Amino acid sequence: MVPIAPTGFHDAYLFDLDGTIYLGDDLLPGARRLIEELRRRGIPVRFLSNNPTKAPAQYAEKLERLGLATPVGDIANTVATMTNWLVSNHPGATVFPIAERPLIDALTQAGIRISEDPAEIDIVIASYDRGFTYEKLQIAFDAIWFHRRAILVATNPDRYCPFPGGRGEPDCAAIVAAIEACTGATCQQIVGKPDPSMVTQALAGLEVDPRRCVMVGDRLGTDIELAVRAGMSSALVLTGDSTLDDVLATPEAHRPTYILERIDRLIPSWDELGWTADEETR
Ligand SMILES: [Mg+2]
């Protein structure tokens, strides 16, 4: 299996961020000229992240710092999808978020009731929380197992968040696993990629058919699977989490439409633009 790039343009482009547009504090090769070229052509570009430790405004600040100024409204992450899911599906529920500030602030702003009293918690929200403690686990345990009251939901299914140099940080899946292990409960909803609600959130306000759009990312199980479930084309970029061997180990129906060794291969007209595959080009 060799990299295969698109030969035409799509109606809108959805991008993962970590491992796709940037890694740590560096844009990946070709990312800036790709986004600039799509915008120059008037093609909508949106960014999606499963990471609930930052609010969309913080992503906008980071992209601007990296030289890719982006309106906050063009960024969707699990802070927004979890808040919207609760408001739509469980209005009036009392929640216990195992979460960092951005999600807690968004829930509060949406008027969602938060409690640490296991006797009144309806929903335990697991997320990527670097302040996770035994005390939080005990509250979740009491709400779910002792009071037989709360359900467990989660922001995202990721096992770890990739860092530069092959390192990483334990992510939401570790917290879900801890709660499931002690309570015997099963997580009932995960709102992040690959749940198609991420696509609905990202394409809101655009008059586009998801079948004519493409989702671009570095993870098969989240980014590419999201496209599969939403009926979109998908492009796997080999600059992050996945390799060609990972693609071969994936059942055909769950493989990406395109495989790219660098992200700007999404643009088919390199010759016309005079582009070359310079590693230093951002
Ligand atoms: Mg990624």
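Modeller: Start in strand β4, where Phe47 is the bridge partner of Phe15. Keep in mind that this is a predicted model.

Biologist: What makes β1 and β4 a pair?

Modeller: Two strands pair if there are at least two bridges between them. Strand β1, residues 13–16, is joined to β4 by 4 bridges. So the pair passes the cut-off of at least two. The two strands run parallel.

Biologist: Which residue in β5 is the bridge partner of Phe47?

Modeller: That is Ile75. Strand β5 covers residues 75–77, and its parallel pairing with β4 has 3 bridges. The chain gets from β4 to β5 through helix α2, residues 56–65.

Biologist: Is that β-α-β crossover right-handed or left-handed, and how is it decided?

Modeller: Point the strands away from you and follow the path from the first strand over the helix to the second. A clockwise path is called right-handed. This crossover is right-handed.

Biologist: What is the strand order of the open sheet?

Modeller: The order is β5-β4-β1-β13-β14-β15, with parallel pairing. That makes 6 strands.

Biologist: Why are β5 and β15 called edge strands?

Modeller: Each of them pairs on one side only. Strand β15 covers residues 258–260. From one strand to the next, the twist averages 20 degrees.

Biologist: What joins β13 to β14?

Modeller: Strand β13 (residues 214–217) and strand β14 (residues 233–237) run parallel, joined by 4 bridges. Val216 stands opposite Ala235 in β14.

Biologist: Now the loops. Why is Ile121 called buried?

Modeller: Ile121 has 25 other C-beta atoms within 10 Å. The cut-off is 20 or more, so Ile121 is buried. Ile121 is found in the loop between β7 and β8. Among the residues it touches are Thr94, Phe96 and Ala143. Phe96 is 25 residues away from Ile121 in sequence, but the C-alpha atoms of the two are 6.3 Å apart.

Biologist: Is Arg148 buried or exposed, and how do you know?

Modeller: Arg148 has 9 other C-beta atoms within 10 Å. Exposed means 12 or fewer, so Arg148 is exposed. Arg148 lies in the loop between α5 and β9.

Biologist: What makes the phi of Arg148 worth a remark?

Modeller: Most residues other than glycine have a negative phi. Arg148 is not a glycine, yet its phi is positive, about 50 degrees.

Biologist: Where is the cis peptide bond?

Modeller: The cis bond runs from Lys193 to Pro194, with omega near 15 degrees. Most peptide bonds are trans. Pro194 lies in the loop between β12 and α7.

Biologist: How do you know whether the radius of gyration of the whole chain agrees with a compact globule?

Modeller: A compact globule of 282 residues would have a radius of gyration near 19 Å. The protein chain has 19 Å, so the value agrees. The C-alpha trace spans about 65 × 35 × 35 Å along its principal axes. Of the 282 residues, 45% count as buried.

Biologist: How many helices and strands does the protein chain have?

Modeller: The chain has 10 helices and 15 strands.

Technical notes. Residues numbered from 1 in each chain as written. Predicted model: local features only at pLDDT ≥ 70, side-chain atom pairs only at ≥ 80, totals over all residues. Axes fitted to C-alpha atoms, helices over the stretch in contact; angles between N-to-C directions. Rg over C-alpha atoms; globule rule 2.2 N^0.38 Å. Contact = placed C-beta atoms within 7 Å. Lists of a residue's contacts leave out its neighbours within four places in sequence.
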